[in-house]
Amino acid sequence: MANINTRHFRWLHDFFNLLYPKLCLACGSNLPPNDELLCLSCEFQLPKTKQYEQKENAFTEIFWGRVPLQSGAAQYYFSKSGRVQRLIHQLKYEHKPEIGHQLGVLFGRQLREQDHFKDIDAIVPVPLHPRKQHQRGYNQAAAFGAGLAKSMELPHYPYALERPEHAESQTRKSRQERLENAQTAFRVKKPQLITGKHLLLVDDVLTTGATMEACASQLLAVPDTKVSMATMAMASD
Ligand SMILES: [Zn+2]
């Protein structure tokens, strides 16, 4: 409803909000009639990492000796049954891609003010396995990427990377097997699109880093690319 701004439609919008109040997606409380998805208190209280303030931080440390990063940051700390967990669960399993978009918009407003995220040229989301994307109907990382691209005023390349159909599922494998599997699981689909660019690779949650590492090494194989990373969340310990 963002484009509805005549007085007439605003009244209708408010009226529908009275009948069907929107609820904060993190805590379930009533939202004031606007287009946000989180109440102000949740937006304020979600555990922000502020990792973007430091060039080297707990996020970039995960990739030391694995893949060269320009910068990296998670938006929030993730804890079991916390609000961030609740948001990401809805994003992935309850058909709410707008959560990814909204978090991307919020995070992008912060990243664009940071010196080491200033020279990014484009956003590249980690692709989902095609079968999974078909089931879910969207890629949650691309929803986050689109929100970041909007508030950072950058191009978004959701199809720069692809996950070939034949790649096996990651579950039921040991960590080592997953790592090896991840290296062949991604392919740059459009090298001409990304060559010479500083790319912000984005995903929902950072865990072992194997997926992002595999994507980054594919992106870095294209001449003159640089890679930074951003996720919505990572574990706090
Ligand atoms: Zn809330």
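The legends below describe close-up views of a predicted model. Residues are numbered from 1 along each chain as its sequence is written, and side-chain values use heavy atoms, with hydrogens and water left out. Local features need pLDDT of at least 70 and side-chain atom pairs count only at pLDDT 80 or more, whereas totals for chains, interfaces and linings use all residues.

**View 1. Helix 7, residues 140–152.** Helices (H or I, at least four residues) and strands (E, at least two) are DSSP runs, numbered from the N terminus. The expected span of a helix is 1.5 Å times one less than its number of residues. For the 13 residues of helix 7 this gives 18 Å, and the end C-alpha atoms are 18 Å apart, which agrees. Buried means under 20% relative accessible area, exposed over 50% and partly exposed in between, with a 1.4 Å probe and protein chains only. Because 11 of the 13 residues are buried, helix 7 is largely enclosed by the rest of the structure. Among the buried residues are Phe144, Leu148 and Met152.

**View 2. The aromatic cluster of Tyr52, Phe107 and Phe144.** Rings of Phe, Tyr and Trp (its six-membered ring) pair if their centres lie within 6.5 Å; planes under 30 degrees apart count as stacked, over 60 as edge-to-face and the rest as tilted. Three aromatic pairs are found in the whole structure. Tyr52 and Phe107 form a tilted pair, 6.1 Å centre to centre with 50° between the planes. This pair links distant parts of the chain, 55 residues apart: Tyr52 is in the loop between helix 2 (40–45) and helix 3 (58–61), and Phe107 is in helix 5 (residues 97–111). Tyr52 is buried at a relative accessible area of 6%, and Phe107 is buried at 0%. The rings of Phe107 and Phe144 have centres 6.4 Å apart and planes at 20°, so this pair is stacked. Phe107 lies in helix 5 and Phe144 in helix 7, so the pair ties together parts that are 37 residues apart in sequence. Phe144 is buried, at 0% relative accessibility.

**View 3. The buried face of helix 4, residues 83–93.** The buried residues here are Val84, Leu87, Ile88, Gln90 and Leu91. Seen down the axis of helix 4, they fall within an arc of 160°, so they line one face of the helix; the arc is that of the directions from the helix axis to the C-beta atoms. They pack against strand 1 (72–78), helix 5, helix 7, strand 5 (198–206) and strand 6 (226–235), where contact means heavy atoms within 4.5 Å. Following helix 4, His95 has a positive phi, near 50°.

**View 4. The largest nonpolar core.** A nonpolar core is a set of buried Ala, Val, Leu, Ile, Met, Phe, Trp, Tyr and Cys residues joined through side-chain atoms within 4.5 Å. The largest has 36 residues, and Leu103, Leu111, Leu148 and Leu200 have the most contacts inside it. Strand 1, helix 4, helix 5, helix 7, strand 5 and strand 6 each supply at least two residues of this core. Helix 5 gives the largest share, five residues.
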